[in-house]
Amino acid sequence: PNVPQPSGQDWDAVNVGRGASSRAKAPKTAREVSLMKATGKLATERRYGAGGNASAHTGGVMSARKLEETEELKHAKVDKSLSKAIMQARTAKKMTQKELATAINEKPQVVGEYESGKAIPNPQIISKLERKLGCKLPRPGKKPAAKKTGGATTGGVGARGPPRGGARGSGPPKRR
């Protein structure tokens with residue numbers, strides 16, 4: 001018959017979220033939006049800066065394309081004279097690219113890239129090739145630096161005083 005309920009417990013149903021209140025449903029199509037605007041049920045406003053990260057995609061002051069045009073971002077490639085010299089010296093020694101590569105402890109692709117002119121010049125590899133092929137190879141020339149026209153300051157007593165530490169020139173004197 002009458003079952004006693006434990007005191008302090010509320011066994012009624014509780015609605016946690018937004019229930020079926022009298023909310024207006026959002027328009028889903030452009031036609032519904034325009035109809036709601038016309039009846040005055042919907043008002044739209046233009047927000048300042050809306051649309052997120054538009055500044056990154058606009059053609060601003062320094063866009064990626066402008067940077068690409070102004071700066072030369074290419075690696076220095078092997079000169080044609082170097083690649084021809086390697087090829088001629090290798091064929092004079094009657095070696096294949098693979099034999100030359102194993103002789104200088106490099107991969108055959110490296111020798112192939114040097115001979116085709118696609119490699120980025122590495123002075124260590126070029127010196128290995130020179131030793132193995134037994135000839136001087138044309139090195140990739142650096143841009144000619146401005147020559148210093150030295151006066152009385154070269155070698156002797158300079159503007160700062162006599163050089164300390166002997167012939168080294170920089171750092172503290174040697175401890176004995």
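## Packing of α3 and α6

In this predicted model, helix α3 (residues 80–92) packs against helix α6 (residues 123–133) at an angle of about 30°, and their axes are 10 Å apart. Axes are lines fitted to C-alpha atoms, for helices over the stretch in contact, and angles run from 0 to 180 degrees between N-to-C directions. The two helices are therefore roughly parallel (angles under 35 degrees). The crossing of α3 with α6 is left-handed, that is, the near helix is turned anticlockwise from the far one by less than a right angle.

On the α3 side, Leu-82, Ile-86, Ala-89 and Arg-90 make the contact; α6 contributes Ile-126, Leu-129 and Leu-133 (contact: heavy atoms within 4.5 Å). Six of these residues are nonpolar, none is polar and one is charged; Ala, Leu and Ile are among those counted as nonpolar, and Arg among the charged.

## The chain as a whole

The protein chain contains six helices and zero strands, in the order α-α-α-α-α-α from the N terminus. Helices (H or I, at least four residues) and strands (E, at least two) are DSSP runs.

Of the 176 residues, 14% are buried (under 20% relative accessible area, 1.4 Å probe). The accessible surface comes to about 16,100 Å², with 53% belonging to carbon and sulfur atoms; areas come from the Shrake-Rupley method with a 1.4 Å probe. Among contacts with a separation of 6 or more, 47% join residues 24 or more positions apart.

## Basis

Residues are numbered from 1 along each chain as its sequence is written, and side-chain values use heavy atoms, leaving out hydrogens and water. Local features need pLDDT of at least 70 and side-chain atom pairs count only at pLDDT 80 or more, while totals for chains, interfaces and linings use all residues.

How values were computed
Buried < 20%, exposed > 50% of the residue type's maximum accessible area, 1.4 Å probe, protein only. Parallel < 35°, antiparallel > 145°, perpendicular 65-115°, else oblique.
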